Amino acid sequence: MFPLGTVLFPGLVLPLHIFEERYKALVRHLVGLPEGAPREFGVVAIQAGWEVAPAGPPGRSGPAGGEVTLHEVGCTAELRQVTELADGGFDIVTVGRRRFRVAEVDDSAEPYLTAEVEWLPEPDGPDEVADLLAARVISLFRQYLGLIRPDQQEITEQLPEDPTVLSHLVAATAALTVGDRQRLLAVDDTAGRLRAELRLLNRETALLRQVRAVPVPLSELAGPPAPN
């Protein structure tokens, strides 16, 4: 598993710069798998702590010795591209694949966290309710994009028609908190996720029209403490 300060959704691209020894080992393990074997690892958002380990003995302690707390629901990342760097690190490109719920975490079997997981259900077949909700979400999302992005015409042309793909794209693209995104990831049915996104988009659109300012992602305002 790879704890991160963000939420990964199925179908979304996630590039990563790998510089910690434990995750270098994870990439080497994935690259060394037999041809045809799934090269996936779990991405789980962090509730408390930092994804970068502090200097000192290996482990998963956070700053000042505090434990890193993870959310229960995550998404696997399929390794699509690997570039090995001169310093021994890697630049990788991954794509979100399958949602899961963490059942039990093991922090001693490997240098990186491993876990027993329960695979979560995905929509199968057409859903008329989701189709209707998707049309409403597309309309509202276009309004939202028009408030935060000057090139919104180009972006709206690329919005997917598939309700499930749309629900994941909106969840990953809108300027939401990690908590909001995590709740959306945990919703099992597409219609339920789209309903939640309608509420969130209505809230965000109203706020943007009132304050006439684009929100700054929390990730730009916070980071792990600098070493002494």
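# Burial, salt bridges and a pocket in a predicted model

In helix α5, the buried residues are D180, R181, Q182, L184 and L185. This is a predicted model, in which local features need pLDDT of at least 70, side-chain atom pairs count only at pLDDT 80 or more, and totals for chains, interfaces and linings use all residues. Residues are numbered from 1 along each chain as its sequence is written, and side-chain values use heavy atoms, with hydrogens and water left out.

User: Why is D180 called buried?

Analyst: Buried means under 20% relative accessible area, exposed over 50%, and partly exposed in between (1.4 Å probe, protein chains only). D180 has a relative accessible area of 8%, and is therefore buried. Across the protein, 40% of the 228 residues count as buried.

User: Against which elements do the buried residues of α5 pack?

Analyst: They pack against β3, β5, β6, α4 (163-173) and α6. Contact here means heavy atoms within 4.5 Å. Helices (H or I, at least four residues) and strands (E, at least two) are DSSP runs, numbered from the N terminus. The protein comes to six helices and seven strands, in the order β-β-α-β-β-β-β-β-α-α-α-α-α from the N terminus on.

User: What makes R183 and D180 a salt bridge?

Analyst: A salt bridge requires a side-chain nitrogen of Lys or Arg within 4 Å of a carboxyl oxygen of Asp or Glu. In R183 and D180, the closest N and O atoms are 2.8 Å apart, so the pair meets the definition. Both residues lie in helix α5 (residues 178-186), three residues apart, about one turn of the helix. An α-helix has 3.6 residues a turn, so residues three or four places apart point the same way.

User: Which class of accessibility does R183 fall into?

Analyst: R183 is exposed, because its relative accessible area is 54%.

User: Which other salt bridge does D180 form with an arginine, R203?

Analyst: The closest N and O atoms of R203 and D180 are 2.8 Å apart. This pair links distant parts of the chain, with R203 in helix α6 (residues 190-211) and D180 in helix α5, 23 residues apart. R203 is called partly exposed because its relative accessible area is 36%. Through shared partners, salt bridges join D180, R183, R203 and E204 into one network.

User: What makes the second largest pocket a pocket, and what is its volume?

Analyst: On a 1 Å grid over the protein atoms alone, a cavity is a set of points where a 1.4 Å probe fits but cannot get out, whereas a pocket is an open set with protein on both sides within 12 Å along at least five of seven lines. Grid points are joined across faces, edges and corners, and a volume is the space filled by probe spheres set on the points; for this pocket the volume is about 340 Å³.

User: Which residues line the second largest pocket?

Analyst: Lining residues have an atom within 4 Å of a point. There are 19, of which M1, E40, F41, G42 and A115 lie nearest the centre. β7 gives the most, with four residues.
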